[in-house]
Amino acid sequence: MKQAHWHELLFLWNNQESISVIPEFIGQNHQWNWTSPMPLECASHSVRLRSTYKNLISQWSPLQTIPDPPADKDLTCETQDFESVECHWNAGRNTYLIRFTKYFLNKSCVQRMQLGVGERNWTLTVQNPLGTVELTDLADLSKRVHMLAPESVTATDIEPRNASLRLQWATEKYCTLPLVCQIQLNGNEYIDTESHGIFMYEVTWGKRAEDSMSVQPSEHSVALSLDRNVKHVVTVKARNSYGWSSPSIITIPMLFPAMNSTKIFSNDQGFDLSWSASTAASGCGYVVDWCPTFSEFTMDWIKVPAKETKARVQSNSFKDGVRYTLTVYHSCAQGVTETLDKREGYVKELEISHGTFQLESKQNNSDIQITWKPIAPENLSAFIYGYRMYYSDGLNVSTDDPNAKSLTATNLNFSSYTFTVKALTSVGESGDSSISVAMNSPM
């Protein structure tokens, strides 16, 4: 006698069907189709399964559900004024229902309240004729503030290169927040002379910018012959049919102010400078300029904000074996300057040329003194830290005085010698210069 097995399917609106499975198909996969009287997009549809054998009935399988609207999710709440709450979420698909979906935040349609510090649960209840969904967001709204834009923004104390901004907040509590303000400047940059109609530039210079000259709009540089023993103020203005632009101003201090320079050593083809802050620079910042110390040059410079006290100087015009002078000063629009530091150094030191020293000799009994004239700094390609003099099969005497002008070999046999003087530098001994001396025997 064949036994029949039954499978039952239960639907949430009490729709239930039984399906018989004959023994030949037990253990195989089964398929069952059913058409809902309500579109699947309009309501959740769940199905579960159990089996029966004689009087034995299995447990129901877990519900498999196709969710219905409302399917809203991802609730996020924030405040703008510390008095109201604004919440955002991702809405579910369109239900196409005649009756609209209703939303309640913490059981209220409108939320205006004094927000305290601390985390709080914000619950959004979403209702429509097909069901209800609750979304929650745990948040401390004092730390989730979407600020309103400032009001009454005005510029005051306008200078050619700086200005002060004043603003007001619509919400007083913003003043208690640890704010970091970001300012975006939209300047009238003269990029295309034709589009801005520039037909000339005016350059002024001098102790009080009393000298001037006109420059064609196609030119963007000019060479000035200045007395570098005094300070100069240089300005540049552009002119078009609407008038003159605001001047761009730089103060050029005297070339080498009354300040002793100190050595600076290069780092990766550049110079790293640092200096002590100056309160006088708080409103205008610093300028770092550099040029070859001893030759014709074009002065280069960079500007450094007042809050910075260091800068890196690099330039494609730097040459090996050339000494550069770097000066740090603060320069305000009013022409007030103060030199803060002066340094000299080589981007890369090179060996000093052979035969640089002009040697002379003087005998004193069995001693020979070799003297030389100082080398002009502009002829040096490295810093000198001392000298060494060789004679007689590798014997030598030396000094670590870079300003030395002589070395003496003592207790020599009365014979002929060749003396070779070399400079001690960071790249080794160089500048080899030699002189031969035949000593006179004592009477």
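Modeller: Let me start with a cut-off: buried means under 20% relative accessible area, and exposed means over 50%. Please keep in mind that this is a predicted model.

Colleague: Okay, so is Phe82 buried or exposed?

Modeller: Phe82 has a relative accessible area of 7%, and because buried means under 20%, Phe82 counts as buried. Phe82 sits in the loop between strand S6 (73–78) and strand S7 (86–90).

Colleague: And what is the phi of Phe82?

Modeller: The phi of Phe82 is near 65°, which is a positive value in a residue other than glycine. Most residues other than glycine have a negative phi.

Colleague: What about Asp268, what is its phi, and is Asp268 buried or exposed?

Modeller: Asp268 also has a positive phi, near 55°, and Asp268 is placed in the loop between strand S18 (262–263) and strand S19 (271–274). With a relative accessible area of 63%, Asp268 is exposed, whereas Phe82 is buried.

Colleague: Switching topic: in what order do the three strands of the open sheet come?

Modeller: The order is S8-S9-S10, with antiparallel pairing; strand S8 (102–105) and strand S10 (131–139) are the edge strands, each pairing on one side only. On average, and ignoring direction, neighbouring strands of this sheet are turned by 15° against each other.

Colleague: How many bridges are there between S8 and S9?

Modeller: S8 and strand S9 (residues 120–128) pair over four bridges in the antiparallel sense, and the bridge partner of Phe104 in S9 is Thr125.

Terms used:
Residues are numbered from 1 along each chain as its sequence is written. This is a predicted model: local features need pLDDT of at least 70, side-chain atom pairs count only at pLDDT 80 or more; totals for chains, interfaces and linings use all residues. Side-chain values use heavy atoms; hydrogens and water are left out. Two strands pair if DSSP finds at least two bridges between them. Helices (H or I, at least four residues) and strands (E, at least two) are DSSP runs, numbered from the N terminus. Axes are lines fitted to C-alpha atoms, for helices over the stretch in contact, and angles run from 0 to 180 degrees between N-to-C directions. Buried means under 20% relative accessible area, exposed over 50%, partly exposed in between (1.4 Å probe, protein chains only).
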